[in-house]
Amino acid sequence: EVLQNHVLEAKVFHTEYGTGVAILTGAHRFSLTTNIDDLKLRRMPEVPGLQKPPSCWAVLSQDRVTIVLLAVGQDLYLLDNTSCSVVVSEPRGSSLPQEKLCEFNSSVRSPPKQMVWCMRPRSRQRAVVVAWDRQLMVVGNSTECIQYPLGKRGAVPGPGQPPTYFSPLPVSAEASQEIFKIASMAPGALLLEAQKEYEKESQKADEYLREIKDQKLLPEAVSQCIEAASYEHEPDTQKSLLRAASFGKCFIDKFPPESFVRMCQDLRVLNAIRDYQIGIPLTFTQYKRLTIEVLLDRLVLRRLYPLAIRICEYLRLSEIQGVSRILAHWACYKVQQKDKSDEEVAHAINQKLGDTPGISYSEIAARAYDCGRTELAIKLLEYEPRSGEQVPLLLKMKRSKLALSKAIESGDTDLVYTVVLHLKNELNRGTFFMTLQNQPVALSLYRQFCKHQERETLKDLYNQDDNHQELGNFHVHSSYS
């Protein structure tokens with residue numbers, strides 16, 4: 001059905017099983033999976049008389065049950081595993097919620113493209129994020145809103161421009177809530193207070209510590225502070241929590257430092273990419289799900305090469321996994337710059353890359369060739385130490401004679417045979433023989449090949465060379481055969 005009717009809309013949602021995805025097909029049918037890591041697509045019941053996409057729909061998941069709620073005109077439908085039922089049949093039906101959180105007039109005449117709930121983890125403050133093509137509003141429980149322009153004002157999105165899309169994310173900030181809620185007696189909250197009192201040189205620090213120690217909850221308090229730091233976006237709050245964790249570690253015998261050190265590293269990386277000049281505001285959970293490799297790929301796609309390299313060096317990633325790969329991407333981007341000469345680009349790339357392990361100059365040369373810069377590709381191949389990588393690309397660029405020279409320099413007879421046979425198919429017979437005359441090594445190897453595979457071609461080679469001695473031997477040998 002999806003192949004025939006395509007997917008009109010898709011929504012990401014979160015369940016106890018993991019991340020789910022629901023789709024609306026061109027046949028106006030809903031299908032969903034509650035866990036993309038264990039893909040089992042479930043088709044929902046049909047909505048009676050649905051001839052066009054609903055004006056809006058949402059996926060709700062609670063107590064291991066997932067349902068789809070959709071609006072068609074003034075009616076509200078609920079789809080579960082077995083049936084489709086009408087929730088509201090009248091515009092002012094008694095089953096509508098009676099409580100009104102707030103009322104806000106956006107003054108925008110066109111309907112929004114998307115609406116998403118937004119909540120702050122440590123408060124009950126709620127808001128709705130409403131998006132149009134070129135405008136985003138955050139509306140809270142007041143008569144005012146926060147507005148953000150999307151793209152250039154008045155501009156029309158081009159065919160290749162992706163739409164803005166919002167997805168609500170789950171925030172598992174239990175540790176953070178436990179520490180910061182009013183009058184909290186959680187171990188992490190007491191440890192945070194102890195550290196603050198210690199900085200003031202107050203004896204209360206000892207009182208708080210004794211209370212945690214007496215309950216033997218100091219390791220839990222340290223772990224709670226480390227975990228809570230991951231959910232905070234303000235560096236000052238992060239530092240405060242990590243200082244408390246570091247303070248608490250001093251009073252624990254053999255506390256494993258890995259979790260603390262790793263959190264410090266992760267938060268430094270996250271704070272760097274959350275900077276407004278970079279603009280990738282990932283949560284800690286997203287960062288861990290994505291993995292550092294995917295994050296580096298995103299930085300590379302945005303051409304943020306210096307930051308990507310600094311992160312690799314800071315996390316001490318292997319060169320092949322980190323710095324080398326990023327430099328290779330940078331070089332492939334560099335060859336596309338048309339404002340500099342081939343010599344300048346080749347020199348700049350070699351100066352930056354040098355003999356860095358894991359770098360393939362042939363791959364960069366291939367990108368240059370694909371961009372129509374054949375001479376630059378040849379110059380880059382001069383820096384490629386592996387002849388086996390140079391030769392195939394030279395043949396692809398129809399630089400067969402140069403490929404033959406490189407193959408002979410390598411001393412790899414198989415590589416020479418590959419080029420010679422390529423030349424044989426590419427050139428006419430006379431030109432082919434003349435080319436071999438200028439390369440004694442290649443000619444000798446081709447003679448060996450002909451002795452075993454093409455005896456008649458061997459006679460032509462001797463004729464070409466006026467080699468009467470070998471020509472006589474050839475006829476004698478033939479007569480015996």
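Two strands pair if DSSP finds at least two bridges between them. Helices (H or I, at least four residues) and strands (E, at least two) are DSSP runs, numbered from the N terminus.

This is a predicted model, where local features need pLDDT of at least 70, side-chain atom pairs count only at pLDDT 80 or more, and totals for chains, interfaces and linings use all residues. Residues are numbered from 1 along each chain as its sequence is written, and side-chain values use heavy atoms, with hydrogens and water left out.

Q: What makes strand 2 and strand 3 a pair?
A: Pairing needs at least two bridges. Strand 2 (residues 19-25) and strand 3 are joined over 4 bridges, in the antiparallel sense. So they meet the definition. Leu-24 has Phe-30 of strand 3 as its bridge partner.

Q: How do you know that strand 3 pairs with strand 4?
A: Strand 4 (residues 42-43) is joined to strand 3 by 2 bridges, and the two run antiparallel. At least two are required, so this is a pair. Here Leu-32 has Arg-42 of strand 4 as its bridge partner.

Q: Which way do the residues of strand 3 point, and are they buried or exposed?
A: Phe-30 and Leu-32 point one way from strand 3 (residues 30-33), while Ser-31 and Thr-33 point the other way. All are buried, that is, under 20% relative accessible area (1.4 Å probe, protein chains only; exposed is over 50%, partly exposed in between).

Q: Why is His-6 called exposed?
A: Its relative accessibility is 53%. The cut-off for exposed is over 50%, so His-6 counts as exposed. His-6 is found in the loop between helix 1 (2-5) and strand 1 (7-14).

Q: What is the phi of His-6?
A: It is positive, about 65°, although His-6 is not a glycine. Most residues other than glycine have a negative phi.

Q: Why does Ser-107 count as exposed?
A: Its relative accessibility is 62%, so Ser-107 passes the over 50% cut-off. Ser-107 lies in the loop between strand 8 (84-88) and strand 9 (114-119).

Q: Why is helix 6 called roughly antiparallel to helix 7?
A: The axes of helix 6 (residues 235-249) and helix 7 come within 12 Å and cross at roughly 170°. Axes are lines fitted to C-alpha atoms, for helices over the stretch in contact, and angles run from 0 to 180 degrees between N-to-C directions. Angles over 145 count as roughly antiparallel (under 35 roughly parallel, 65 to 115 roughly perpendicular, the rest oblique). That makes helix 6 roughly antiparallel to helix 7.
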